[in-house]
Amino acid sequence: MDDQNKNLILATALSFLVILVWFLLFPPPEPEPMPETSAVEQSDGAPTAGAPIADGSAPLSADAQVGTGAEPVADTPRIAIDTPRLSGSVSLLGGRIDELFLKDYRVSLDDNSDIVELLKPVGTPNAYYALYGWAPGAGATVEDVPGARTEWQIESGETLAVDSPVTLVWQNGGGLTFRRTLAVDEDYMFTITQSVENASGAPVSLAPYGVIARHGTPPDAKNFFILHEGLVRMSDGTLEETKYKNLPDLEVDPNEGARAEVVQVAQDGWIGFTDHFWMTTLIPQPGSAFKSVAKYDERRDIFQTEAVLPTRTIADGSETSVTTQLFAGAKEWETIRGYQQAGVEGFIDSIDWGWFFFLTKPIFWLLHNINQLIGNMGWSIIALTFIIKALLFPLAYKSYVSMAKMKELQPQMEKLKESAGDDRQKMQQGMMELYKKEKVNPAAGCLPILLQIPIFFSLYKVIFVTIELRHAPWFGPFQDLSAPDPTTLMNLFGLLPIAAPEPGSILALIFIGILPLLLGISMWLQQKLNPAPADPTQQMIFAWMPWIFMFMLGGFASGLVVYWIANNTITFTQQYLIMRSQGYTPDVFGNIRAGFSRKKAAAEAKEKK
């Protein structure tokens with residue numbers, strides 16, 4: 001076997017091995033059934049809470065935050081939330097933001113599908129909500145501050161809408177008047193202003209806080225290795241991500257009264273929970289110091305994040321106020337980038353860019369901007385492929401020129417083999433001298449393959465993680481490029497109104513769609529640019545590889561398969577034209593006929609035996 005074939009086999013084996021390992025480690029996630037959780041099981045759920053800060057303020061009690069009872073949603077007095085992108089309500093009992101729907105997003109592609117529900121009240125399965133308050137310090141008790149069972153009154157406003165804030169008020173009967181003003185912008189950012197007037201006759205120390213509580217692990221969690229779901233926080237420029245499954249492993253913090261991890265933020269930060277496409281985040285004002293707490297109550301199975309600001313002492317006859325923000329919505333790149341530009345430090349990193357962030361960020365930026373021009377994500381992916389191939393063209397050109405020269409050297413290599421005989425050392429020395437004389441690099445053909453691997457992984461991450469690809473249509477049956485190809489032989493490749501097999505099932509693995517088939521054909525045609533190797537082992541590897549890849553990638557996001565097909569097509573064209581420019585004309589049809597002739601001859605020989 002000559003060095004050219006060895007290098008080709010090595011490059012092929014390496015790329016195949018990487019894809020195989022990736023497929024085994026990160027198979028397309030299967031949809032998980034929703035657990036049946038009754039409202040009764042959730043009825044006594046309440047996050048625990050410990051000392052908000054270590055500066056003398058009193059510990060938060062559980063009742064001060066969410067209480068221990070669960071009131072029926074319909075019986076709770078509420079204020080409606082209605083913006084172009086959000087709907088829901090705020091509970092006057094506790095002043096919780098606990099019912100929120102995202103108008104722009106549906107659960108599935110079905111026109112009758114429900115819109116996505118982000119926040120859910122206590123008393124419903126998998127409750128998820130945000131609440132605010134004041135932790136009592138010197139001169140105050142738990143009874144002196146509003147808690148989960150406090151019934152707020154509406155002081156101004158009727159419906160929480162853009163440019164239409166609402167103000168809630170509560171008096172404790174001892175001279176303290178608490179107000180909470182809620183405002184919301186045109187996207188997903190709430191602004192919460194809390195104030196206290198002190199007419200009690202004595203100074204009072206209070207610590208303002210915000211809490212996000214989540215009862216149980218999200219039922220629609222993907223639990224997929226490549227995707228981060230769980231705690232996400234930024235603390236003075238340091239990003240931290242902890243999956244839901246790892247939060248129960250936190251050490252017990254006696255000061256917090258639960259399993260918790262506390263970070264003292266000096267200047268800028270935020271903390272919350274992130275899912276595949278949605279996120280809720282507590283955001284103190286930029287430049288504010290606060291205590292960032294990640295917490296898990298194992299007794300009630302409640303995940304919790306807290307942002308607790310330093311204690312304030314309010315003198316008799318004076319007033320204090322604090323403003324914080326709450327992001328609750330979809331992780332749209334452009335929207336989140338806008339909030340970062342407005343002062344939320346590092347907010348764009350709340351999107352899970354992964355280990356290859358230095359590739360995923362620019363790739364997504366480029367794809368997003370192309371889509372802004374074209375208006376179709378499928379064609380944008382193909383356009384992105386052209387741009388990536390153009391950037392890599394100088395390396396590809398050198399590689400294909402080297403491959404063409406290697407073809408020209410075949411007669412001289414054959415002479416070397418004859419003269420060297422069984423002397424392998426002489427053969428190697430002769431070939432190295434030949435390569436040096438003709439200025440040929442036998443390993444040049446591996447470079448484009450090796451460069452494609454991280455780009456392929458990064459694009460896979462972008463397509464899987466970013467919401468811009470969720471339910472992004474191309475044409476015809478391809479209405480969600482983040483999902484596997486919906487066409488299959490069972491529905492005559494999209495001609496019949498029959499659903500494809502469930503992703504991850506055996507049937508889905510066998511009855512692949514039209515895109516994986518085109519992928520296999522494009523890889524097979526690429527091989528036919530060169531004659532099949534004489535070695536039977538090499539022939540077998542080359543013969544099976546396109547079809548193995550075809551079935552392996554059949555369950556991957558269709559947008560990724562579109563990229564690979566476009567990449568193969570451009571590569572075929574580049575290689576063909578460059579090899580012709582170097583005096584070597586690939587005989588594609590002749591190589592195809594030769595392949596079928598060998599198969600026919602092998603079959604006839606087998607029959608004779």
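Trainee: Which residues in α12 meet which residues in α14?
Mentor: From α12 there are Leu515, Pro516, Leu518, Leu519, Ser522, Met523, Leu525 and Gln526. Across from them in α14 sit Ser558, Val561, Val562, Trp564, Ile565, Asn568, Thr571 and Phe572. "Contact" here is heavy atoms within 4.5 Å.

Trainee: What makes up that contact of α12 with α14 by class?
Mentor: Eleven nonpolar residues, five polar ones and no charged ones. Nonpolar covers Ala, Val, Leu, Ile, Met, Phe, Trp, Tyr, Cys and Pro; charged is Asp, Glu, Lys and Arg; the others, Gly among them, are polar.

Trainee: And what am I looking at?
Mentor: A predicted model, with residues numbered from 1 along each chain as its sequence is written. Local features need pLDDT of at least 70 and side-chain atom pairs 80 or more, totals for chains, interfaces and linings use all residues, and side-chain values use heavy atoms, leaving out hydrogens and water.

Trainee: Why is α12 called roughly parallel to α14?
Mentor: Helix α12 (residues 514–527) packs on helix α14 (residues 558–581) at about 20°, axes 9 Å apart. Angles under 35 degrees count as roughly parallel (over 145 is roughly antiparallel, 65 to 115 roughly perpendicular, the rest oblique), so α12 is roughly parallel to α14. The crossing is left-handed.

Trainee: Why is α5 oblique to α6?
Mentor: Helix α5 (residues 357–374) and helix α6 (residues 377–391) pack at about 125°, with axes 9 Å apart. That angle belongs to "the rest", so α5 is oblique to α6. Their crossing is right-handed.

Trainee: Which residues in α5 and α6 meet?
Mentor: Ile363, Leu366, Leu367, Ile370, Asn371 and Ile374 of α5 meet Met377, Trp379, Ser380, Ile381, Ala383, Leu384 and Ile387 of α6. By class, that's eleven nonpolar, two polar and no charged.

Trainee: What is the order of the strands in the open sheet?
Mentor: The nine strands go β6-β8-β9-β10-β21-β17-β16-β12-β13, with antiparallel pairing.

Trainee: Why do β6 and β13 stand at the edges?
Mentor: β6 (153–156) and β13 (238–243) each have a single partner strand, so one side of each has no neighbour in the sheet. Neighbouring strands are turned by 20° against each other on average, direction ignored.

Trainee: How do you know that β16 pairs with β17?
Mentor: Pairing takes at least two bridges found by DSSP, and four bridges join β16 (residues 269–274) to β17 (residues 278–284).

Trainee: How many bridges pair β12 with β13?
Mentor: Six, in the antiparallel sense, with β12 covering residues 230–235. Gly230 stands opposite Lys243. In their hairpin, which has two residues between the strands, Asp236 takes a positive phi near 50°.

Trainee: Where does pLDDT stay under 50?
Mentor: Residues 1–11 are one such stretch, and residues 22–64 are another. pLDDT is the predictor's confidence in each residue, from 0 to 100. The protein averages 82, and 79% of the residues score at least 70.

How values were computed:
Axes fitted to C-alpha atoms, helices over the stretch in contact; angles between N-to-C directions. Left-handed = near helix turned anticlockwise from the far one by under 90°.
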